[in-house]
Amino acid sequence: MTPAVPVLMYHSVSPQPPAATRRLSVHPDAFAGQLAVLRRQGCTTPTFAELGDALRSGRPLPERSVVLTFDDGYADFHEYALPLLEAHGFTATVFVTTGWLDDAGSDAAGRPLDRMLSWAQVRDLAGAGIEIGAHSHSHAQLDQIAAPALEEELRRSKLLLEGELGQPVESLAYPFGYSSARVRAAVADGGYRFAAAVGNRLPGPGGDLMAVPRLTVRRTTGEAAFTRTVQGEGIARRFAVDRALTRGWAAVRRGRYAVNRVRGRV
Ligand SMILES: [Zn+2]
């Protein structure tokens, strides 16, 4: 059986992020320190899809596996994170919001929070062995939109990425971490094999492959807490507040969608 593998959720890696992404942006020096921790601990870094395959098949991953995921597709991943990952021989999964890309052109959708990757950079990452997953097309709140819009968000991002990369896109991360049973079913129907939620706990055996939980890494995450997290220690306590907030918020969101549907707003 695969031991519980921590799946870490990053966003931007930048020395000077804008206010909109600051809380979830990690300084490149801190990120370098975190990768050094992984190296000292003898960790390997399978991609998110590799973890999904292992969870599905029951085939074990190497001991001390840690999955590194990055949401949204910020240009700073190419500038800061990729060289550091390559220096350590680590890989990662980047979940791209296709409508946010810097040169999305006529496909542009939604409002990016910072400078985003270009298509050339996305291709470059895939060529460097980084798994490219989808993060919807416009960064929509998937649990709050009706079926046709939901299906389009899922379909369009997958189609664009597969067209550009010439390889299947198997993984998706929910924008804001928001999903529901309805959204998870649509993701599976849309041809995705694995999906990343937030959750702030470790993925367990027999868990839902359409809602693999991840642990949030913040600008304030210190090296000691990071080390204990990748060792799988104290996670229940350290992430208790995050987890309670996610659960409470999910209930509110389910209610909001139900009310809007009754009122014919979605
Ligand atoms: Zn996002």
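With a relative accessibility of 26%, R156 counts as partly exposed; the category lies between buried, under 20% relative accessible area, and exposed, over 50%, as calculated with a 1.4 Å probe on protein chains only. The model is predicted, so local features need pLDDT of at least 70 and side-chain atom pairs count only at pLDDT 80 or more, whereas totals for chains, interfaces and linings use all residues. Residues are numbered from 1 along each chain as its sequence is written, and side-chain values use heavy atoms, with hydrogens and water left out.

The side chain of R156 meets that of D107 in a salt bridge, at 2.9 Å from N to O. Because R156 belongs to helix α5 (residues 147-165) and D107 to the loop between β3 and α4, this pair ties together parts that are 49 residues apart in sequence. Helices (H or I, at least four residues) and strands (E, at least two) are DSSP runs, numbered from the N terminus. D107 is also partly exposed, its relative accessible area being 22%. A salt bridge here is a side-chain nitrogen of Lys or Arg within 4 Å of a carboxyl oxygen of Asp or Glu, and by this rule the count comes to 11.

In general, an α-helix has 3.6 residues a turn, so residues three or four places apart point the same way. R155 is partly exposed at 43% relative accessible area, and E152 is partly exposed at 33%. Elsewhere, D53, E170 and R193 are joined in a network of salt bridges.

The bridge between D143 and R253 has an N to O distance of 2.8 Å. It links distant parts of the chain, with D143 in the loop between β4 (131-134) and α5 and R253 in helix α9, 110 residues apart. Both D143 and R253 are buried.

Helix α9 itself comprises 23 residues (240-262), and at 1.5 Å a residue it should span 33 Å; its end C-alpha atoms are 34 Å apart, which agrees. The expected span is 1.5 Å times one less than the number of residues. The buried residues of α9 are D242, R243, R253, Y257 and N260, and what covers them includes α6 (181-189), β6 (194-199) and α8 (235-238). G264, with a positive phi near 75 degrees, follows the helix.

The zinc ion has as its protein donors D72 (OD), H135 (NE2) and H139 (NE2), at 2.0 to 2.1 Å. Donors are N, O and S atoms within 2.8 Å of the metal (3.2 Å for Na, K and Ca); water is not among the atoms, so sites may look incomplete. Along the chain the donors follow the spacing D-x62-H-x3-H. D72 lies in strand β2 (residues 67-72) and H135 in the loop between β4 and α5, 63 residues apart; both D72 and H135 are buried.

The loop between β3 (93-96) and α4 (119-127) also contains T98, which counts as buried at 0% relative accessibility. Leaving aside residues up to four places away in sequence, T98 touches A104, W119, S136, H137, S157, L160 and L161, contact meaning heavy atoms within 4.5 Å.

Finally, an unreviewed UniProt entry places the feature "domain: NodB homology" at residues 64-266. UniProt positions are given in the numbering used here, feature names are shortened, and annotations may be inferred rather than shown by experiment. This span is 42% helix and 14% strand, and its end C-alpha atoms lie 44 Å apart.
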